[in-house]
Structures are given as C-alpha cells and as structure tokens.
Amino acid sequence: MKKQKNIKEFLLKNLFAVLVGFVNGFFGGGGGLLCVPTLEKVYKLETKNAHATTVAIMLPLSIVSSIIYLFHSNINIWSTLTVALGSVVGGLFGAFALKKTNSNFIRWLFIVILFSAGVRMVV
C-alpha cells in the first residue's frame, strides 16, 4: 500500500514538473507562476524557499527555451540585452528583499500579483 502511494506521489510530482516546464516554454517564463504554488502544496516547501527554489528552477528552463527561440529567430537581441541588464539589478534587490521579508507578506503579495495579472488578461 505504501509503495503504491509513493509511486502515485512520484508521478504527481513529475507531472507538475513537466507542466511547469511546458508553461515556461510556451509562455516564456510563466512557469514560475505555477511553480511557486506547486512547490508549496505538492513539495511542502515554506513560502520563501518555494520562491527562491522557483528562481533556481526557472534559470535552466529559461536557458533551454531561449536557445530554441533564438534558433527560430524569435528573439529581439537589443530588447533582450537592455531588459536583461535591468532585470539583473532588480533580481539582486529582490533576492535581498525576499530574505528580509515576512513569509505571510510574500504570500499575499504573490496572490495580489497573480489576481491582478489574471484580471488584466481577461479585461
């Protein structure tokens, strides 16, 4: 019985992993929006760990997706370089802020951002 539960859990976790990868590749980074709640609910990670782990997961996914997009000439190099520079600076600030921010605040901020993004997509 326990072995069957472990197999089911293993398959569920891998299904979520494939889904996160698909969403990231298809939407260009949106996999993080799915990855955070997956790490919290399925993998039982604490909020700060889930957010930090998501960043680490998104890096290789984004590199692979970027290479595919680059070979298909779907990337504007100038925009990529300018936004990447600002994103690195913002990422540094965000990483330090995450370390010092309360987990409940992070959770609620993430909910507000997800809700706002959803409303914006519908409207």
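This is a chat about a predicted model of one protein chain.

Reader: What is the secondary structure of the protein chain, in helices and strands?

Author: The chain has 5 helices and 0 strands. Read from the N terminus, the elements go α-α-α-α-α.

Reader: What box do the C-alpha atoms fill?

Author: Along the principal axes, the box is roughly 55 × 35 × 30 Å.

Reader: And how much of the chain is buried?

Author: The chain has 123 residues, and 18% of them count as buried. It exposes about 9600 Å², with carbon and sulfur atoms supplying 74% of that area.

Reader: What share of the contacts comes from residues 24 or more positions apart?

Author: They make up 56%, counting the contacts with a separation of 6 or more.

Reader: Let's take the helices in order. Which residues form α1, and what should the helix span?

Author: Helix α1 covers residues 2-27, which is 26 residues. At 1.5 Å a residue it should span 38 Å, and its end C-alpha atoms are 37 Å apart, so the two values agree.

Reader: Which residues of α1 are buried?

Author: Val20, Val23 and Asn24. Their cover includes α2 and α3.

Reader: Pick Gly32. Why does it count as buried?

Author: Gly32 has a relative accessibility of 13%, and buried means under 20%, so Gly32 counts as buried.

Reader: What is Gly32 in contact with?

Author: Apart from neighbours within four places in sequence, Gly32 is in contact with Thr54, Met58 and Phe110.

Reader: Now the core. Which residues make up the largest nonpolar core?

Author: There are 7 residues in it: Val20, Cys35, Val36, Leu39, Ala50, Met58 and Phe110. Helices α2 and α3 each supply at least two of the core residues. The helix that gives the most is α2, with 3 residues.

Reader: Changing topic. How much space lies in the largest pocket?

Author: About 920 Å³. Its lining has 27 residues, and those nearest the centre are Val36, His51, Thr54, Val55 and Leu98. The elements giving two or more residues to that lining are α2, α3, α4 and α5.

Reader: Which element gives the most to the lining?

Author: That is α3, with 8 residues.

Reader: Staying with α3, is Ser65 buried or exposed?

Author: Ser65, which is found in helix α3, is buried because its relative accessible area is 13%. Beyond neighbours within four places in sequence, Ser65 is in contact with Asn24 and Gly25. Asn24 is one of the buried residues of α1.

Reader: And Ile63, buried or partly exposed?

Author: Ile63 also has its place in α3, but it is partly exposed, with a relative accessible area of 44%. Ile63 and Gly25 are 38 residues apart in sequence, and their C-alpha atoms are 9.9 Å apart in space.

Reader: What about the loops? Where does Lys44 lie?

Author: Lys44 lies in the loop between α2 and α3. Its phi is near 60°, a positive value although Lys44 is not a glycine.

Conventions
Residues are numbered from 1 along each chain as its sequence is written. This is a predicted model: local features need pLDDT of at least 70, side-chain atom pairs count only at pLDDT 80 or more; totals for chains, interfaces and linings use all residues. Side-chain values use heavy atoms; hydrogens and water are left out. Helices (H or I, at least four residues) and strands (E, at least two) are DSSP runs, numbered from the N terminus. Buried means under 20% relative accessible area, exposed over 50%, partly exposed in between (1.4 Å probe, protein chains only). Contact means heavy atoms within 4.5 Å. Accessible areas come from the Shrake-Rupley method with a 1.4 Å probe; for residues, only the protein chains shown count as cover. A nonpolar core is a set of buried Ala, Val, Leu, Ile, Met, Phe, Trp, Tyr and Cys residues joined through side-chain atoms within 4.5 Å. The expected span of a helix is 1.5 Å times one less than its number of residues. On a 1 Å grid over the protein atoms alone, a cavity is a set of points where a 1.4 Å probe fits but cannot get out, and a pocket is an open set with protein on both sides within 12 Å along at least five of seven lines; lining residues have an atom within 4 Å of a point. Grid points are joined across faces, edges and corners, and a volume is the space filled by probe spheres set on the points.
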